[in-house]
Amino acid sequence: MLAQLIRSAPRQQTLVRARAIHASASARSAHGHYHHLPFQLPGDKKAAFGAKLMVYLSVGFSIPFIASYYQLKKSAGAA
């Protein structure tokens, strides 16, 4: 039993390394450049992109608070 575990350990390490190499190669584009975002950032318009991103995230974050305020206001008028 122990001999089987000792023999299988190097094989498992080889499989893990092979999977890691395969996964990292698929993240690269055809030209070999790595892109961590699913879109390209605009060249000189990074400040505008950042402002638009902050507005988008702020609106999404505030929706539950606005909805709860509306529900509390609505229930207070009925009582």
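Reply: The accessible surface of the protein is about 7,700 Å², and 67% of that belongs to carbon and sulfur atoms. Areas come from the Shrake-Rupley method with a 1.4 Å probe; for residues, only the protein chains shown count as cover. This is a predicted model, where local features need pLDDT of at least 70, side-chain atom pairs count only at pLDDT 80 or more, and totals for chains, interfaces and linings use all residues. Residues are numbered from 1 along each chain as its sequence is written, and side-chain values use heavy atoms, without hydrogens and water.

Me: Why is the pair of Phe61 and Phe65 called tilted?

Reply: Rings of Phe, Tyr and Trp (its six-membered ring) pair if their centres lie within 6.5 Å; planes under 30 degrees apart are stacked, over 60 edge-to-face, the rest tilted. A search of the whole structure finds one aromatic pair. Phe61 and Phe65 lie 5.4 Å centre to centre, with 50° between the planes, so the pair is tilted.

Me: What separates Phe61 and Phe65 in helix H2?

Reply: About one helical turn, because they are four residues apart in helix H2. Helices (H or I, at least four residues) and strands (E, at least two) are DSSP runs, numbered from the N terminus.

Me: Are Phe61 and Phe65 buried or exposed?

Reply: Both Phe61 and Phe65 are exposed. Exposed means over 50% relative accessible area, buried under 20%, partly exposed in between (1.4 Å probe, protein chains only). Of the protein's 79 residues, 1% count as buried.
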